[in-house]
Amino acid sequence: MITIKNESQIEKMRRAGALLHSVLEALRAEIRPGVTTMHLDQMAERLIREAGGIPSFKGFEGFPYSICASVDDQVVHGFASHDRLRKGQLLSIDCGCILDGWQSDSAFSVLVGGGSAEAQKLIDVTEECFWLGASMARAGNHLGDISHAVQAHAEAHGYGVIRDLTGHGIGQEMHEDPNVPNYGTPGRGVRLQAGMTLAIEPMISMGTWKVRVLDNDWTIVTRDGSLASHYEHTVLVTDGEPEVLSFPGAKVSEAVR
Ligand code: MG
Ligand code: MG
């Protein structure tokens with residue numbers, strides 16, 4: 001069942017999104033060679049709890065950390081580690097929080113201390129895929145319009161669109177209906193309504209879209225070992241400009257110009 005949020009519920013999701021955005025920006029500023037993802041994980045948990053929130057990933061179906069920290073060919077669900085990050089690694093950080101009972105979910109990717117132009121291009125195109133997808137999150141459009149916008153842009157660059165994992169509805173639960181695939185057909189799928197809230201999250205690889213799961217039963221890696229990038233925000237469907245709840249002030253229409 002797809003839940004439609006009313007204005008007071010949306011306001012709570014805005015507050016959860018603002019908290020999550022501030023946490024992710026703090027983590028982003030901390031990323032450099034020599035830092036461990038365990039440090040980033042502890043920092044995320046502390047910042048969320050200090051603000052009165054709950055780190056939603058920690059304990060979710062047994063996941064042990066407050067962030068997913070996925071390096072290089074790891075697509076998503078990487079475990080925090082005591083290994084020191086090295087210059088040029090592609091690090092994806094995914095995090096979620098609950099504030100006053102309402103959820104937010106967001107992710108970004110970055111090159112640790114800078115890196116190759118090719119890897120940066122993958123990161124940039126993944127972000128562009130998000131904004132193009134999010135720009136379709138308008139009442140009257142279909143879910144497939146979001147999915148197709150993501151897929152078309154990624155594939156135009158020769159990248160693989162991960163199919164085994166999708167975005168999702170979000171609200172009082174982290175994962176609600178509907179699934180939001182990163183591939184699809186325009187005009188197909190659920191018709192979008194104002195008040196739907198969706199986590200749109202392109203997961204894009206430099207090679208194949210095929211993935212496998214590591215022995216920890218969580219971490220997803222590309223089957224060919226190619227680099228993967230992830231970018232995600234929690235988005236409110238409206239009758240006009242979509243609102244990116246986990247990125248206060250961001251304007252979808254400006255991002256896709
Ligand atoms: Mg996420
Ligand atoms: Mg998500």
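1. Donors here are N, O and S atoms within 2.8 Å of the metal (3.2 Å for Na, K and Ca); water is not among the atoms, so sites may look incomplete. The magnesium ion (ligand 2) lies 3.1 Å from the magnesium ion (ligand 1). Asp105 coordinates both.

2. A note on the basis. This is a predicted model, in which local features need pLDDT of at least 70, side-chain atom pairs count only at pLDDT 80 or more, and totals for chains, interfaces and linings use all residues. Residues are numbered from 1 along each chain as its sequence is written, chains are lettered from A and ligands numbered from 1 in the order in which they are written, and side-chain values use heavy atoms, with hydrogens and water left out.

3. The magnesium ion (ligand 2) has these protein donors: Asp105 (OD), His168 (NE2), Glu201 (OE) and Glu232 (OE). They lie 2.1 to 2.2 Å from the ion. Along the chain, their spacing reads D-x62-H-x32-E-x30-E. Asp105 and Glu201 link distant parts of the chain, 96 residues apart. Asp105 sits in strand 5 (residues 102-111). Glu201 sits in the loop between strand 9 (197-200) and strand 10 (203-205). Helices (H or I, at least four residues) and strands (E, at least two) are DSSP runs, numbered from the N terminus.

4. Asp105 counts as buried because its relative accessibility is 2%. Glu201 is also buried, at 6%. Buried means under 20% relative accessible area, exposed over 50%, partly exposed in between (1.4 Å probe, protein chains only).

5. Helix 1 (residues 7-30) packs on helix 2 (residues 37-50) at about 150°, with axes 10 Å apart. Axes are lines fitted to C-alpha atoms, for helices over the stretch in contact; angles run from 0 to 180 degrees between N-to-C directions. Helix 1 is therefore roughly antiparallel to helix 2 (under 35 degrees is roughly parallel, over 145 roughly antiparallel, 65 to 115 roughly perpendicular, the rest oblique).

6. Contact means heavy atoms within 4.5 Å. Helix 1 contributes Leu19, Val23, Ala26, Leu27 and Glu30. Helix 2 contributes His39, Leu40, Met43, Ala44, Leu47 and Ile48.

7. Helix 3 (residues 117-134) and helix 4 (residues 143-156) cross at roughly 155°, and their axes come within 8 Å. Helix 3 is therefore roughly antiparallel to helix 4. On the helix 3 side, the contact uses Val125, Glu128, Cys129, Leu132 and Gly133. On the helix 4 side, it uses Ile146, Ala149, Val150, His153 and Ala154.
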